[in-house]
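Here is a friendly note to read with the structure open beside you.

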Amino acid sequence: MPAAQADPVYPMPDPDPFYAQPADIADHAPGDVLATRPMPPLLIFPDTAVTLVKFRSTSSEGGPIAAVTTVLTPREHQPGGPLLSYQHIINGLGADCAVSRVLYTSDPNLYVKEAVALNAALRRGWSVALPDHLGPNFAYGAAKLGGQITLDGIRAAQRLPELGLGNSPVAMAGYSGGGMATAWAAALAPRYAPELKLAGAATGGVPMNLMKMVNALGLQPHPAFGLAMAAAIGLEREYPDRLPISSQLNAAGLAARNAMANGCTNEIMAIGAGHSAREFAASTSLIDDPTVRSVLDENSLELYDGVPNIPVFEWHSPSDPLIPVDAIVNTDRRYCAAGVRLDMDMNPSPEHLSAAVLGLPDAFAWIDARLRGEPAPSNC
C-alpha cells in the first residue's frame, strides 16, 4: 500500500548559516547579491582567489530563492577579462553534493573532475563561476531551475565590483546535468535575463526530454535506476503539489527514497542499481497523469518554445544509452530553423561519460574563439 499522502523528503538543512534563505528574500531582484564570503585558497586551482556569492534567484514556479555560486579569480585576471560560467555535473540530493562544498571535500568520490580543464581557463585570465545550480532544495531534474540559477549567478558575479566582471564577455559550458542547466540558461536568457551580454554556450550530453527518458527506462530493472529515482525526488521537491511521487511509493520505495535523500552520485547509483519503478511503487498511475506529464514537459528543452539568441556548440554521442538522442537532434533542428549559429559535434564515443571527455577540448576551443570575438561557425 502507498503511504497516505506521504510528504516530499527535503535535504537536511545546511548547518552553515551562509546558505540560509534570508527573511527579506522577496525584496530583492533576481541576481541581487545577498552575501559574499572569501574562501581559503585551493591547491587544485593555484594562484586563484575563491569567493562564495549568495544571490537571489527564482524557483521553477516563480518564487524568490537564495542560491550560491563560487567565483574563481586567477591572478592573471584583468578588469573586464572573460567570465566562464561552468555548470558542473551535480548528480545529488544533499548539501554535500554542492560544488561549493565539493571543492573543499576530502571525499575522493566527490572531487571536481573538470579541475584540469578549468585551470586551462584560469591561466588564460578567465574568471570561472561554478553555480550550485540545483538550488536550495537540491531539486535534481529541475532543468529550468538550473538555467535560471545559472543566469542569476552570472548577474551576481557581474554586480560585485571587486570581481572586476562588470563589462566582461561571458560564456557558459556544461555536460550532462550541467549541460542541462547550461542549455536551459541559453534558451531562457532572451526572456529571463535579456540584459546579459553572452558570447556563447557549449552544451554536451544534454537530456532534452524527460518524458522520453521515463519511457525509455520503462518498468524493468535498470543499472541507472537510482538517477531516475533521484530526479523524481528532486522534481517532487520543486513541484510538491503537481508531482507527489512519495504518495505513490510502497514501503521499499520509501525506504530507498529516505536512504538517498541526502546522497550524492555513488550512493544514489548504489541504492537504485538493478531496481525498478515497478518494485518501489504501489501504483504507477502517475506516469500517465497529465499534471505530472506537464511538469516533465516544462523541464524538457525539446518542447520549450524559446530559442537562444547566442551561438551554441552542442556535442553528444550518437549512441548514448543514457539519454534519448532523438530529442537532441530535434532540438538542434529547431534551433537551426530559427537561425541560431549552431555548431553540432557528433562524438565518436559510444557512451555518455567518455563523450564528455572527448568533446571538452573542442568545446573549450570554441568558447575561447567566442570570448575573443571571432564569428561563430555553424554547420546547420
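Predicted model: local features only at pLDDT ≥ 70, side-chain atom pairs only at ≥ 80, totals over all residues.

1. The sulfur atoms of Cys97 and Cys264 are 2.1 Å apart, and the two residues form a disulfide.

2. Where do Cys97 and Cys264 lie? Cys97 is in the loop between β4 (83-87) and α1 (99-102), and Cys264 is in the loop between α7 (251-260) and α8 (265-272), so this pair ties together parts that are 167 residues apart in sequence.

3. Are Cys97 and Cys264 buried or exposed? Both Cys97 and Cys264 are buried.

4. Now turn to Cys336 and Cys380, which are joined by a disulfide with an S to S distance of 2.0 Å. Cys336 belongs to helix α11 (residues 325-337), while Cys380 sits in the segment after α12 (352-371), so the pair ties together parts that are 44 residues apart in sequence. The torsion about the S-S bond of Cys336 and Cys380 is about -80°, so this disulfide is left-handed.

5. Cys336 has a relative accessible area of 21% and is partly exposed, because the cut-off for buried is under 20%. Cys380, at 54%, is exposed, since exposed means over 50%.

6. Finally, how many disulfides does the count come to? The count is 2 disulfides. With bonded cysteines counted along the chain, the disulfides of the protein chain follow the pattern 1-2, 3-4. As a reminder, a disulfide is a covalent bond between the sulfur atoms of two cysteines.

Note on methods. Residues numbered from 1 in each chain as written. Heavy atoms only, no water. Disulfide = S-S within 2.5 Å. Helix = DSSP H or I, 4+ residues; strand = E, 2+ residues; numbered from the N terminus. Buried < 20%, exposed > 50% of the residue type's maximum accessible area, 1.4 Å probe, protein only.
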